[in-house]
Amino acid sequence: IERVIEIVDDGFDKKIVVVGHKSELVKKSISDKNVERSEIPEAQRSGIVFVEQIRQLGSGDAVKQAGKILKNFAGDLVVLSGDVPLLKKETVSKLLSVHKKEKAVATVLTCEVENPSHYGRVVRNLDGTVKAIVESKDASDEIKKIKEINSGIYVFSSKELFLALHKVKNNNSKGEYYLTDVMSILSRQNKKIIAYKVNDFREIMGINNRYELSLAENYIREKVLENLMHSGVTIVNPATVYIEETVEIEKDATIMPSTIIKGRTKIRSGCVLGPFSYIEDCTVGKNVEIRASFVYGAEIADDVKIGPYSHIRKETKIGRSARIGNFSEIKKSSIGENTKVSHLSYIGDSTLGKNINIGAGTITCNYDGKNKHKTEIGDDTFVGSNTNLIAPVKIGRGVLIAAG
């Protein structure tokens, strides 16, 4: 539904979301996302109005709930389905422009498919206008042969819609009030109803189960990868790579197989990420290598090498040309330029200066059982293997700590 709301971000006077089952969760999700995505004060945002459908009595009843908000509205009303996330803004714009050009009272978005399955069929008059939309469960064998299906996406003359809605009955196999019955009512009144056909079925695909959700997500993932590769990013074996839409990657970066990149991650040119890496909400500088590692919420400067098998946690900053090696974990720490944490070490709540060598098996013991404490290590210090730094502790510049 967040994707559906994004479709109508611009150019609409009002957005009404009809909610029913677990409505509080839906409302909270939508509200939280709008707060995250917008720095505009709440009072100035293009508002979303929530309308409750207490009993789920069908699509016609759902739209009817918005009637009291729209009783003085005489313009065009676009009806979208909350479970159709791949619809394009351009398609909605085209649907609206065709509706206005043809001076129709109702326009339905349709598509032709080889296997119409459970979708409602669009029945046309001889002149090509729409006569009716028949739900699959109520369709005769003859009507089921029709391959043009209803998307559940419409433009209506608002006043005509609500007049017709009051005449809709629930004498069907599901005992529901179908929004599609409005078409038959308007047709019998000789009102002009037209269809605008979209070519790509995926645009109107509804999500009814987790399998269909995976199909939609896979389609989006493929588009993201395609756009990145066209922009100059090398993706080795795209079938194994997952990159979210929110990720920004400069050209001449290379993404190796089995790599996942998520959230508000920004990646500069020359990076080689993966194989087998997970990167989320990170800023990654130029010419960085991250191999077989997990990295979250970190700032990584140019020419850094991470992995294999490193774990970089939130609020970590890694300076230029630093090296974080195998089986090392960095948590909420600052690692200075050209500093090396190469093997089997834990650095937590720490500030490390420049040109430091951390020997294998070094642990910053930051937790005393109640509170976290900080460790500071100055520039040009050498920490020998198997050293426990029991925080709070501060080590100066140029220090040498022997092994153990």
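Predicted model: local features only at pLDDT ≥ 70, side-chain atom pairs only at ≥ 80, totals over all residues.
Two packed helices are described by the angle between their axes and the distance between the axes. In this model, helix α6, covering residues 158-165, packs with helix α7, residues 181-188, at an angle of about 100°, and their axes are 9 Å apart. Because angles of 65 to 115 degrees count as roughly perpendicular, α6 and α7 are described as roughly perpendicular to each other. On the α6 side the contact is made by E160, L161, A164 and L165, while α7 contributes V182, I185 and L186. Sorted by class, this contact of α6 with α7 holds 6 nonpolar residues, no polar ones and 1 charged residue.

The loop between α6 and α7 contains E176, which, leaving aside residues up to four places away in sequence, touches Q56, L57, G58, K169 and N170. The C-alpha atom of E176 is separated by 62 Å from that of S350, a residue 174 places apart from E176 along the chain.

Most residues other than glycine have a negative phi, and most peptide bonds are trans. N190, in the loop between α7 and β8 (193-197), has a positive phi of about 60° although it is not a glycine. A cis peptide bond joins G274 and P275, with omega about 5°, and P275 lies in the loop between β15 (272-273) and β16 (278-280). Another cis peptide bond, with omega about 0°, joins A391 and P392, the latter placed in the loop between β34 (388-390) and β35 (393-395).

Methods. Residues numbered from 1 in each chain as written. Heavy atoms only, no water. Axes fitted to C-alpha atoms, helices over the stretch in contact; angles between N-to-C directions. Helix = DSSP H or I, 4+ residues; strand = E, 2+ residues; numbered from the N terminus. Parallel < 35°, antiparallel > 145°, perpendicular 65-115°, else oblique. Contact = heavy atoms within 4.5 Å. Nonpolar A, V, L, I, M, F, W, Y, C, P; charged D, E, K, R; others polar.
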